[in-house]
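Try each task with the model open, then follow the worked solution.

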Amino acid sequence: SLIDYGLSETLASPEALEELKALGIDLALDFILNHTSVLSKEFQDILKRGDDSPYRDFFIDWNRFWDGHGTMTEDGYIQPDAELIRDMFFRKPGLPVLVVEFADGTRRPYWNTFYQQVDVDENGKKHYLGQMDLNIKSPLVLDFYRQTLADLAGYGASIVRLDAFAYAPKEVGSKNFLNDPGTWDFLQQITDMAKPYGVSLLPEIHASYEEGTYRIIANKGYMVYDFF
């Protein structure tokens, strides 16, 4: 679960990156668009400050997203109407929800497509691990995208691989993976952000070869990376 895009000097120093540039060696670096770690500064700030956090809209409040489109459960999260999630692809059993407890005791469900883990210590305090989905409609998330692209280009990336990009656009009534046109509008948005830095984008595909998604991406002018 990636916490941030700062340089880990246990792996590479700024001087080493400069040496690679001098040798004419380009880098391909990953950029995870759909999620970031619960250990990120943004999510940790939410845990401490709740609604007072400037990052309260940085992640997807599950109940706010599905408000008016389902039934509230005893566990405090909305069960979406069946017809709205019939075509959704969830990566784990059940709904992609992580119910988080704030410092003031408030509990709130967030959209959590991938890995999650909740541990309770001897004092009854909960500790979270996992990957929280980003709210791409938040201006702060868009700023985060721009800064990350600038950072990766600064490290010497000539190619930025867009990990899990097709899960990021979400709309009630649409698929949560490769929805159309949301996925392609989002990809164009990232492409426009990347242009000033001169990097090429490599969109990752989580689809079988026979579905032909690679053709769509190729026809839009991108290199193809087929996950399978």
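**Exercise 1.** In this predicted model, find what lies 3.1 Å from a polar atom of the side chain of Thr 36.

*Solution.* Begin with the side chain of Thr 36 and look for a backbone atom: the backbone oxygen of Leu 2 lies 3.1 Å from one of its polar atoms.

**Exercise 2.** Decide whether Thr 36 is buried or exposed, and classify Ile 3 in the same way.

*Solution.* Recall the cut-offs: buried means under 20% relative accessible area, and exposed means over 50%. Thr 36 has a relative accessible area of 4%, so Thr 36 is buried. Ile 3 has 38% relative accessibility, so Ile 3 counts as partly exposed.

**Exercise 3.** Locate Ile 3 and name the residues that form a nonpolar surface patch with it.

*Solution.* Look in the segment before helix 1 (14–22), where Ile 3 lies.

**Exercise 4.** Describe the buried residues of helix 2 (residues 41–49) and what covers them.

*Solution.* First pick out the buried residues: Glu 42, Phe 43, Asp 45, Ile 46 and Leu 47. Their cover includes strand 2 (35–37), strand 5 (97–101), strand 6 (107–111) and strand 8 (126–133). Finally, step past the helix: Gly 50 follows helix 2 and has a positive phi, near 55 degrees.

Methods. Residues numbered from 1 in each chain as written. Predicted model: local features only at pLDDT ≥ 70, side-chain atom pairs only at ≥ 80, totals over all residues. Heavy atoms only, no water. Buried < 20%, exposed > 50% of the residue type's maximum accessible area, 1.4 Å probe, protein only. Helix = DSSP H or I, 4+ residues; strand = E, 2+ residues; numbered from the N terminus. Contact = heavy atoms within 4.5 Å. Patch = residues over 30% accessible without salt bridge, like charges linked within 9 Å, V, L, I, M, F, W, Y side chains within 5 Å. Areas by Shrake-Rupley, 256 points an atom, 1.4 Å probe, with all protein chains shown as cover. Salt bridge = Lys/Arg side-chain N within 4 Å of Asp/Glu carboxyl O. Polar contact = N/O pair within 3.5 Å; in protein donor to acceptor, adjacent residues only side chain to side chain.
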